[in-house]
Amino acid sequence: MLFDCERLTLARRLRGLRKNQLAQAVGTTPKAIGQFEAGVQRPGEPTIRRLAIALGVPVAFFQAGRSPVSMDGAHFRSLRSTSQIERDQALAYGRIATDVVAVLEDLVDLPEVDLPEYPVSPDEIAGSGPVEAARLTRKSLLDRHGPVPHVVRLLETHGVIVLVLPEAAERVDAFSAGIHPRPMVFFNPAKGDYWRNRFDAAHELGHLVMHADAEPGEKVVEDQAHRFAAEFLMPAEDISGELPAKPDWERLAELKEAWGVSMAALLYRARTLGIMTETAYRNAMSTMSARGWRRQEPGGARSLEQPTMLTRAIEIVGQAGTGRDGVADRARVTRADLDLLIPRR
């Protein structure tokens with residue numbers, strides 16, 4: 001068969017393995033694995049079979065013919081909090097997700113990609129760019145006042161692929177990649193926090209709208225996405241008259257439920273809009289810390305906003321005769337990896 005060396009690298013990263021670990025599993029040397037991945041040397045058929053077994057992928061996974069999709073421009077929240085192997089693994093899941101999406105797009109119509117573009121320079125530290133970008137995006141995608149009812153559904157409606165990372169990559173925070181033909185947003189499965197999840201979604205939307213060419217991980221770029229999310233979820237025009245100037249916990253709890261954002265986010269918003277003084281804000285955050293609310297805010301829990309577009313697409317193609325096994329075969333991924341990325345409802 002035609003052996004694609006890049007697919008071997010992809011499979012190794014998908015399993016979170018170093019070259020020496022893979023070499024030990026298949027009875028060869030790290031140098032040989034490096035030569036296989038660089039395309040300097042082609043592994044023999046017995047070695048390819050051993051690689052497939054060690055990596056838990058079908059032999060067909062290594063076949064050439066699928067155009068590679070670069071995930072190099074993905075925006076990770078913090079590059080310092082995760083290892084390169086962890087980020088590579090998360091990106092590998094994103095890469096195979098593009099293969100699955102490509103198969104589904106051949107079989108079913110998915111929503112068209114319809115996101116505005118509002119580039120903001122990564123050198124803009126305190127300008128109005130992120131706020132203007134958020135206002136433009138709200139008008140384009142939502143065109144209504146008040147809270148955003150369902151952020152994940154809004155992304156999917158406008159063609160963004162939204163997925164939850166498998167538990168193997170749970171140390172990686174939410175990230176996004178503005179790739180062709182469909183931008184993607186991935187969430188961390190371990191947080192289980194409805195309020196944080198919605199803010200993460202808006203934050204990643206900010207990257208997709210503003211940062212097509214920005215260097216991922218830069219502090220200014222992350223701050224811009226944060227400011228975008230705050231304006232997108234809590235527009236100054238709509239929420240300014242509702243925010244308290246002092247930490248009124250009962251009022252903040254009501255606003256939390258109404259706007260779908262955390263009390264911490266509401267307090268920060270009140271401070272940045274000049275409604276709450278710096279001293280009042282710091283005292284409020286100290287109170288939250290003393291009461292343990294920085295880790296677990298008061299109030300009832302809510303189920304996370306779950307992506308459904310790809311799950312529904314697989315159901316539709318299944319009804320037309322192509323089940324999950326068929327989709328996995330066409331995408332050249334394992335059924336187990338497909339089910340991890342797109343769980344059954």
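Residues are numbered from 1 along each chain as its sequence is written, and side-chain values use heavy atoms, with hydrogens and water left out. Because this is a predicted model, local features need pLDDT of at least 70 and side-chain atom pairs count only at pLDDT 80 or more, while totals for chains, interfaces and linings use all residues.

**View A. Arginine 12 in helix α1.** Helix α1 covers residues 5-14; helices here are DSSP runs of H or I with at least four residues, numbered from the N terminus. Arginine 12 counts as buried because its relative accessibility is 9% (buried means under 20% relative accessible area, exposed over 50%, with a 1.4 Å probe and protein chains only). Its side chain reaches the backbone oxygen of leucine 17 at 3.0 Å. Leaving aside neighbours within four places in sequence, arginine 12 is in contact with Leu17, Arg18, Lys19, Leu22, Glu37 and Leu55 (contact means heavy atoms within 4.5 Å).

**View B. Aspartate 143 in the loop between α6 and α7.** Take a look at the backbone here: aspartate 143 is not a glycine, yet has a positive phi of about 50 degrees. Most residues other than glycine have a negative phi. Aspartate 143 counts as exposed because its relative accessibility is 55%.

**View C. Arginine 332 in the loop between α15 and α16.** Arginine 332 also has a positive phi, near 60 degrees. Its loop runs between α15 (324-331) and α16 (335-341). With 9% relative accessibility, arginine 332 counts as buried.

Terms used. Helices (H or I, at least four residues) and strands (E, at least two) are DSSP runs, numbered from the N terminus. A polar contact is a pair of N or O atoms within 3.5 Å; within protein, one must be able to donate a hydrogen and the other to accept it, and residues adjacent in sequence count only if both atoms are side-chain atoms.
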